[in-house]
Every structure is written in structure tokens, then in C-alpha cells.
Amino acid sequence: MGVNVAIVGATGLVGRTFIKVLEERNFPIDKLYLFASKRSAGQKLLFKENEYTVEELTENSFDKDIKIALFSAGATVSKKYAPIAAERGVTVIDNSSAWRMDDNVPLVVPEVNPQDIKWNKGIIANPNCSTIQMVVPLKPLHDRYKIKRIVVSTYQAVSGAGKKGVDDLERTLNGEKNQCFPYPIANNCIPHIDVFLPDGYTKEELKMINETKKIMGDNSIKVSPTTVRVPVKNSHSESVNIEFEKPYQMEDLKEVLRNAPEVVLMDDPENNIYPVATIATGHDEVFVGRIRRDETVYSGLNMWIVADNIRKGAASNAVQIAELLIKESHSL
């Protein structure tokens, strides 16, 4: 038996990837509804070789018998339409920042805190892409050694800014003027993602601080982030420095990572084996390498984390949450 599923923001980068991931994972769909803005309505999209027409999103869109709605249309749309959908009995999985830090909305990464979906009240938030890929390998390490502090620098692909970000990379590589980013992204690393806050951090950096604590269920973890946009089309990379409370043996720590769900260990520097963006692109796993001890603190570690930001960082994580919902409903 399938369920009726809606995709809001179906014509965007993440929306189209929702469709692709649902198909790849053979998600049990009975009826599929595609919604987008008025200007995108009428477009045709394929799902399992069947053609679907994109409908305009309205306040009446959820009057249909829809069980799960995957949202990726921005915070403004989510703030307006997610509560409407939830009131109609739809469970919304929202990819925007609208609900992530709401105390009444679970923020879920299935490998880290799947239990939190149980207390949803109709809306489940999908975390920020850079946070998702970091907490997947960090959670098993936290369970074993207790993380005190994280210092993270991100190297974020232009696809994180959507199609306009990808277009801006191609545009500036051709010597044309930038339109999306504050500087030409070609040949630059721009230490500026989202808006700056009064303390000098950006909203993207604040997301990593607050979301990490909520997902990991531990407000004592200190997080110091610097988020940077780089001229890479797809897949985010992160340099992560961790300080643990407990000591570790390197081989034991690597064994924890080898056994962690959806983590791929690529750590053989002598043979140039470590994760890069082109390896992660198209995959749902999180790739980890360049693992080495930080001798400047009592129990420190450096590692390099890479993942596809459109898949694991957005669409695939949301579909995994939907799979958990189906599993939960079948177990009741």
C-alpha cells in the first residue's frame, strides 16, 4: 500500500531531487502531487516514467487526501503553508529554516535522532545542509567520547544557493558580472553565507551552532563555525576540529566511524585516499577522512567531512524522515 505524497517547490533544485530520490529508493507512493509558484505551474515533470503537471500552491492545495508533504520552497512559503497542511492532517517535512529552532518541532537526522519524529505535531524540520553532514559522523563519537567543543570551517558548493548559485558560478567563470553572490565566485572563496548578524557571525554560522545542539540533544557542546562559499558546483566539504572529554585510541575511534550508519571512511593519505566533492556527489552517505590527532589539546581530533548537499544535505535526508514515518505508522 502506498501513501499520497506532495512536493512543494517541485521545480527547484531540491524539489527535483526529491522526485529523483523517491524514485531511486522506491518510496511507496500511491498518488503524487507537485506544487510550485504560479510562474512554475503547468510544467511537466517525470516520476517513474509517468508525467505529472505542476500545480500552483494555494491555501486549498491540501484539501486533497495527502499523507506526507515534502517542502522546499523557502521559509516564507513554509511559514504560511506548513500549518495549513498540518491542520489538514498532513505531516510536513520542511527543508527551510522556518521551523528548525521551534521548540515544538523536531529537527531530525535519521542516523542521529530518529526517535524525535515521534513527538511531531504535524511538522518535522530538515536541518541545514552543513549541519546534517557534520552530525552524522560526530554523533557516534559523541556517544563514545563526549564532545566538548567543535571548530568547523565549511567549504560550501554553489548549489547550496540553488540554481541561481550554480548559474552565478558559470556566469563568472565566463568573465560575466556576478548576480547571486557579493563577489564573483569564480576564483574566490567568499566567507559570507546568509546575512551578517550584529556579533559578526552569519545566520548560516548561527544555524550550525544551534542546530547541532538540538539534533545531538546536548546544549553543552560548544560550536565555533566559519562558513565559506567556494567555486565548486556540488557537495560541501568541512574541516572539523573536535575536543573530547574522554581520551581515545585512534584505531578504536576509526572503528566507531567504520560502524557508523551511512558513514564511509576514506582515510589512507599515503595513497591519496580522502573524500572530495566529486566522490560524494550523487551519493547519500557522508564521507570522512584526513583523521589525525590534535596534539594542542587534551583529547583533540581533526577530520575532513564531505557530502552531497542537495541529496544528504536536503532531499535524501527528508525522504529518509518520510521513510521513518511510514515505518512508525506500520508499527502502531
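Modeller: The buried residues of helix α6 pack against α3, β11 (236–244), β12 (263–265), β13 (286–294) and β14 (300–307). This is a predicted model, in which local features need pLDDT of at least 70 and side-chain atom pairs count only at pLDDT 80 or more, while totals for chains, interfaces and linings use all residues. Residues are numbered from 1 along each chain as its sequence is written, and side-chain values use heavy atoms, leaving out hydrogens and water.

Helices (H or I, at least four residues) and strands (E, at least two) are DSSP runs, numbered from the N terminus. Packing here rests on contact, meaning heavy atoms within 4.5 Å. Buried means under 20% relative accessible area, exposed over 50%, and partly exposed in between (1.4 Å probe, protein chains only).

In α6, which spans residues 250–258, the buried residues are L253, K254, V256 and L257. Seen down the axis of α6, they fall within an arc of 150°, so they line one face of the helix. That arc is taken from the directions from the helix axis to the C-beta atoms.

Now for the surroundings. A nonpolar core is a set of buried Ala, Val, Leu, Ile, Met, Phe, Trp, Tyr and Cys residues joined through side-chain atoms within 4.5 Å. The largest one has 55 residues, of which F62, L138 and M303 touch the most other members. Helix α3 (residues 129–145) gives the most to this core, with seven residues. Leaving aside residues up to four places away in sequence, L138 touches I147, I150, M216, V240, I242, M303 and I305. A second, separate core of 33 residues includes A36, I124, I310 and V319.
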